[in-house]
Amino acid sequence: MARRIDVTGAGGVRLAAWEFAGPPEAEAEPAPPGAAPDTPARQARDDAPGVLLLHGLMGRASHWTATARWLAGRHRVVALDQRGHGRSDKPARDAYTRDAYVEDAEAAVEQLGLGPALLIGHAMGALTAWQLAAKRPDLVCGLIICDMRASALGAASQREWADWFRSWPVPFAGLADVRKWFGEDDPWVERPSPARGAFYAEVMHECEDGWRPVFDPEQMLSSRETWVYDAHWEELAQVRCPTLVVRGVDGELGRAEAQEMVRVLPRGRYAEVPDAGHLAHYDLPAAWQEAVSPFLAGLSDD
């Protein structure tokens, strides 16, 4: 069971955090479709680091449910709905800066008493995690980067994303239509992916005219444009804690770049998830857990 804890982020933005080892009487986040029923978590070890889970662009805390439940018996695990996402506040467009995202994560670690914490981030959330680790090494004892590139993606990539958002057939008549479009009909889908359909179904809510995303696509583009034009190698090199770079074999982070990221990191390690794409932690949670387990075991021995 997860309980909600509010965090005050940069500029006073209210952020919804979800603790997966909380008392059962607290407010619970609905489980994603197809998820197994919650079971009582074992008591976390007193000496185990806290864990902060950071989703990617358009994601939400519930996308980490399988990982959070897996870790909750050994750690205090918190997943954050980042600004503009999930149940967190959605401020004006100019509030989606890199500094704001990093300060939000910093506030979560400090206000919830998680530090020094293990940060686990997917895509944009991974960038936030390593920027925080570079800025505040005192708050971070370990880092897992899931499928996020350190190189610049450029203007063409941003235009493609803007075109993609405009192609969405919103509003959707129902969640079945959401799952079908994102899992089969979306031009970006190379082969049918039920997990991708389920992933996007989690970020929709029912409106008067049908189902629409819980976020504003223009705000998502604003978030993305703050990092898509720049490379982030220098900040990566400043991360001093043990760091695992994980890629899905069919994901967006290529093997050569991932291995170069490991080389740049002072204490970098590499892992990959076979048969997985960009959503490795969500699509194939057992394989993802197997890939990161050796790193977690080593981290506890440091």
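**View 1. E19 and R76 form a salt bridge, their closest N and O atoms lying 2.8 Å apart.** A salt bridge here is a side-chain nitrogen of Lys or Arg within 4 Å of a carboxyl oxygen of Asp or Glu. This pair links distant parts of the chain, 57 residues apart: E19 sits in strand β2 (residues 14-19), and R76 in the loop between α1 (65-71) and β4 (77-80). E19 is buried at 6% relative accessibility, while R76, at 27%, is partly exposed. Buried means under 20% relative accessible area, exposed over 50%, and partly exposed in between (1.4 Å probe, protein chains only). Helices (H or I, at least four residues) and strands (E, at least two) are DSSP runs, numbered from the N terminus.

The model you are looking at is predicted: local features need pLDDT of at least 70, side-chain atom pairs count only at pLDDT 80 or more, and totals for chains, interfaces and linings use all residues. Residues are numbered from 1 along each chain as its sequence is written, and side-chain values use heavy atoms, leaving out hydrogens and water.

**View 2. E272 meets R247 in a salt bridge (3.2 Å, N to O).** Here strand β10 supplies E272 and strand β9 supplies R247, 25 residues apart in the chain. R247 is buried at 5% relative accessibility; E272 is partly exposed at 27%.

**View 3. Helix α9 (residues 255-264) has E257, A258, M261 and V262 as its buried residues.** They share the same side of α9, because they cover an arc of only 145° around the axis, taken from the directions from the helix axis to the C-beta atoms. On the other side, A256 and R263 are exposed.
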